[in-house]
Amino acid sequence: MTAGTVEGTGDFAGVPDEFQRLWTPHRMAYIQAGPEPLREECPFCEAPKHPDAERLIVARGKTAYVLLNLFPYNSGHLLICPYRHIATYDQATAEEVAEIGALTQTAMRVLRDVSHCDGFNLGMNQGAVAGAGVDAHLHQHVVPRWKSDSNFFPIIAKTKALPQLLGEVREAVAEAWPVSEPDAR
């Protein structure tokens, strides 16, 4: 088989059938960790202590940083986190709020350039009752959306098809991130 070709089901071991397989090996860390994945330490406090590529960090600011969501809703799903361990937006300093806002704007520009998305979902889930997966550490979601993205997996099979690997997305976003933050447009 040559690079870039898709293997047919006839090439799989076993009896060929009409089903296509959706391989998501990166989710095994989540599955094996159980209901509280990777929580011995706060993942958002721990991430900046490691190399950027290892922890999917794409940019670092003075009071906050940007990383890919390990369990994304869409390819390019970014999180903007303050370095300081705070739980809610009202605990953030004016400087943290300003930088989270500026990093969110830059994230949108970079994702629009890199992934050609048509829109975004932005949000902060404050507390477990509001849906925060990591409720002890504030984080802003930046989720790129496309007009043509309307697959049935999330509804039928509770599965999200992600067309790019996390490492590839991190590399593309990190390379496209401006060296110095531009003035707000």
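The protein has 5 helices and 5 strands in its secondary structure. The model is a predicted one. Starting at the N terminus, the order of elements is α-α-β-β-β-α-β-β-α-α.

**Burial and surface**
- Of the 185 residues in the protein, 31% are buried.
- The protein has an accessible surface of about 11,500 Å².
- Carbon and sulfur atoms account for 56% of that accessible surface.

**Contacts along the chain**
- Among contacts in the protein with a separation of 6 or more, 60% are between residues 24 or more positions apart.

**The aromatic pair**
- The count of aromatic pairs comes to 1.
- The partners are Tyr65 and Tyr83, with ring centres 5.2 Å apart and an angle of 25° between the planes.
- The pair is classed as stacked, because planes under 30 degrees apart count as stacked.
- Tyr65 lies in strand β2, which covers residues 64-68.
- Tyr83 lies in the loop between β3 (78-82) and α3 (94-115).
- The two tyrosines are 18 residues apart, and their pair links distant parts of the chain.

**Exposure of the two tyrosines**
- Tyr65 has a relative accessible area of 0%, so Tyr65 counts as buried, the cut-off being under 20%.
- Tyr83 has a relative accessible area of 25%, so Tyr83 counts as partly exposed, a class that lies between the 20% and 50% cut-offs.
- The stacked pair therefore joins a buried residue, Tyr65, to a partly exposed one, Tyr83.

Methods. Residues numbered from 1 in each chain as written. Predicted model: local features only at pLDDT ≥ 70, side-chain atom pairs only at ≥ 80, totals over all residues. Heavy atoms only, no water. Helix = DSSP H or I, 4+ residues; strand = E, 2+ residues; numbered from the N terminus. Buried < 20%, exposed > 50% of the residue type's maximum accessible area, 1.4 Å probe, protein only. Contact = heavy atoms within 4.5 Å. Areas by Shrake-Rupley, 256 points an atom, 1.4 Å probe, with all protein chains shown as cover. Phe/Tyr/Trp six-rings, centres within 6.5 Å; stacked < 30°, edge-to-face > 60°.
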